[in-house]
Amino acid sequence: MRISLCQGLLTGAIILNLLILYYVSRAQQQMMEKRKELGRGTRRASLPASGLGGGLGVLVGAGGEPGVVGVEGHGRGPRVTVLLREFENFENYVGDVANSFLRQRPELPFLAVADTFPYPPLVLPDGARLLVLSPTPDQPPQVHRPEFHVQTEFVLLVPDGVELEQPRAIERLIRELEGEGGGPVRLVAAPVLARSAVQCLHLRVNLREWTATYSPAASGSSGSVCTALQGDAIVLIRTEDLFNLSVPLGRPLFPSLFVQTALRGWKVKLLESPCFSANHRPLFSSAHNQWKADTRLKDATGKIMRSFGVKRLLLPDGKEQWYGCSKETPRCFGTVQDDTPDYLYLDRWTPPCCLRALRETTKYVINILETSGVRYWLEGGTLLGAVRHQDIIPWDYDVDLGIYLEDIPNCDHLKNLDSGSLVDANGYVWERAVEGDFYRVQYSEANHLHVDLWPFYPRNGVMTKDTWTEHKQDVEFPEHFLQPLVPMSFAGITAYGPNNHRAFLELKFGEGVIENPQYPNPAKKRLDRSKL
């Protein structure tokens, strides 16, 4: 059989890709084996010069020359690299921190890590290096990857402005971490003497619900174990553990670090001593610089939480921070295909910001319907959520209400929608839906989370419509379910629903629907009930 030129080129390309994948895999395996050997105190070799090219600000020492971090040559080298990640370009004490550690422990590698080349440039002492994470087109990727530049068994994460006064304090932290024997405690922390004490927190991260919850941990003696810290502290972690995190040096460092470690079931032990001093407190000399730092911290926190898929943060004091959609932004998911929103394919449920918007819209619409004299009832999956959860189903993406067609003229928001949509005084958008003969109320012009209003009218004792959708719950039903309507708890308010909700729901969805939750289209995505 003759092979065409195209077939030959395609075969060659496939073979070349396989060879590249093989050699990349071998290189990564050799790197991990080398780090393990270094952790056991074996002789360490320096990184290849080609991996540390002299690009501006990529990895530089005090004099601006390219450098290698933590390379000792012969014998057993230092076991820990001191790493400073959190500092501001416009005002910092990175040089002072480096001097403090290197005066007491000159053999320790000291690494300052920045996203971009700091301006003004850092002034670092001999033995301290700067690593810039942002890649540059003229350098190989390992130049900007910190795991290639930390050649010790442990990493000591230090905040800006801290000082080392007790040279053996680091050994105490190492002994504490080694004493845990590789159990759930994978980090050890010591407090920095500052205005506010370090607090141990419990952190629970629920990615399915896009939520991280902090709560105070019980205060105890030295050696308190928890899952997160609040306040200034120095943290020791094994290098292998740090660089097995998906974002090992994200900013802000502690929130980023503890979200990832909490998801892995790791814990941190907070010691009462040794303590590290902090002469530079407060860090910033002016209210303006403090404002700049606070603004950057807020922006960085939002960015890292969104990248992790955390849209709601519950703080220890009970306050909330939101990183999802609002009235001014589009909703968190796009057009729904096959009744299956995109987040279900990620094994997540409706983002909490979307549920919040749906609740607000529902309460608003129900209030207007009631004051206008429009009879309504909870319909379809919304009624199912009210029966199961007294709320919206955790994975639902809209709210359905049935209304009497004859009551529409009573409502100023509904009666003139045939001539166009209405944006009311509170920013909600009322419109006739383009998908069919029903009405829709959107959260805002930007955010299309919505409540659908389905008009029915009675005919010979049956509630019916003139047009129907393909949804299986969109069917006729006896009017006696609405005579009378009964109050039900839903989304924090009292709403109205059919008087025999079980029979009504089983007519629409089938027998046992209340006790057997399922996603809207099981053929596309099935609910794993073991995770409920």
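In this predicted model, the side chains of Arg85 and Asp115 meet in a salt bridge, with 2.7 Å from N to O. Arg85 sits in the loop between strand 2 and helix 2, while Asp115 belongs to the loop between strand 3 (110-114) and strand 4 (128-132), so the pair ties together parts that are 30 residues apart in sequence. Side chains of opposite charge can pair when their charged atoms come close.

The structure holds 32 salt bridges, and a few others deserve a look. Arg281 and Asp232 pair through their side chains at 2.8 Å, N to O. Here the link runs from the loop between strand 12 and helix 6 (287-308), where Arg281 lies, to the loop between strand 10 (228-230) and strand 11, which holds Asp232, so parts 49 residues apart in sequence are tied together. Asp232 is partly exposed, with a relative accessible area of 23%. Another salt bridge joins the side chains of Glu379 and Lys508, at 3.0 Å from N to O. This pair links distant parts of the chain, 129 residues apart: Glu379 is in the loop between strand 15 (376-378) and helix 9 (380-389), and Lys508 is in helix 10 (residues 501-509). Both Glu379 and Lys508 are buried. Salt bridges also form a network, linking Glu86, Glu88, Arg251 and Arg296.

Next come the nonpolar cores. The largest has 61 residues, and those with the most contacts inside it are Leu369, Leu401, Leu414, Trp430 and Leu453. Helix 8 (residues 352-372) supplies the largest share of this core, 10 residues. For Leu369, setting aside neighbours within four places in sequence, the contacts are Val374, Tyr376, Leu401, Ile403, Leu414 and Leu453. A second, separate core of 42 residues includes Leu157, Tyr214, Cys226 and Leu249. In soluble globular proteins, nonpolar side chains tend to be buried together.

After helix 3 comes Gly181, with a positive phi near 65 degrees.

On to the cysteines. The count comes to 1 disulfide, which joins Cys200 to Cys226 with an S to S distance of 2.0 Å. The link is left-handed, at -75 degrees about the S-S bond. Its ends lie 26 residues apart, with Cys200 in strand 7 (residues 199-206) and Cys226 in strand 9 (residues 224-226). Cys200 is buried at 9% relative accessibility, and Cys226 is buried at 1%; Cys226 is also among the residues of the second core. Cys332 is another matter: the closest cysteine sulfur, in Cys353, is 3.4 Å from its own, too far for a bond because the cut-off is 2.5 Å. Cys332 counts as partly exposed at 28% relative accessibility, and Cys275 is likewise partly exposed at 28%.

The UniProt record, an unreviewed entry, places the feature "domain: LicD/FKTN/FKRP nucleotidyltransferase" at residues 372-407. Over that stretch the chain is 31% helix and 25% strand, and the end C-alpha atoms are 9 Å apart.

Most residues other than glycine have a negative phi, and most peptide bonds are trans. A cis peptide bond joins Tyr119 and Pro120, with omega about 0 degrees, and Pro120 is in the loop between strand 3 and strand 4. Another cis bond joins Arg251 and Pro252, with omega about -5 degrees; Pro252 is found in the loop between helix 4 (239-242) and helix 5 (253-263). Arg251 is also part of the salt-bridge network.

Positive phi values turn up at Asp338, near 55 degrees, and at Asn460, also near 55 degrees. Asp338 is in the loop between strand 14 (320-322) and helix 7 (342-345) and counts as partly exposed at 44% relative accessibility. Asn460 lies in the loop between strand 20 (450-459) and strand 21 (462-464) and is exposed, with a relative accessible area of 79%.

Terms used
Residues numbered from 1 in each chain as written. Predicted model: local features only at pLDDT ≥ 70, side-chain atom pairs only at ≥ 80, totals over all residues. Heavy atoms only, no water. Core = buried A, V, L, I, M, F, W, Y, C linked by side-chain atoms within 4.5 Å. Buried < 20%, exposed > 50% of the residue type's maximum accessible area, 1.4 Å probe, protein only. Helix = DSSP H or I, 4+ residues; strand = E, 2+ residues; numbered from the N terminus. Contact = heavy atoms within 4.5 Å. Salt bridge = Lys/Arg side-chain N within 4 Å of Asp/Glu carboxyl O. UniProt positions renumbered as here; feature names shortened; annotations may be inferred.
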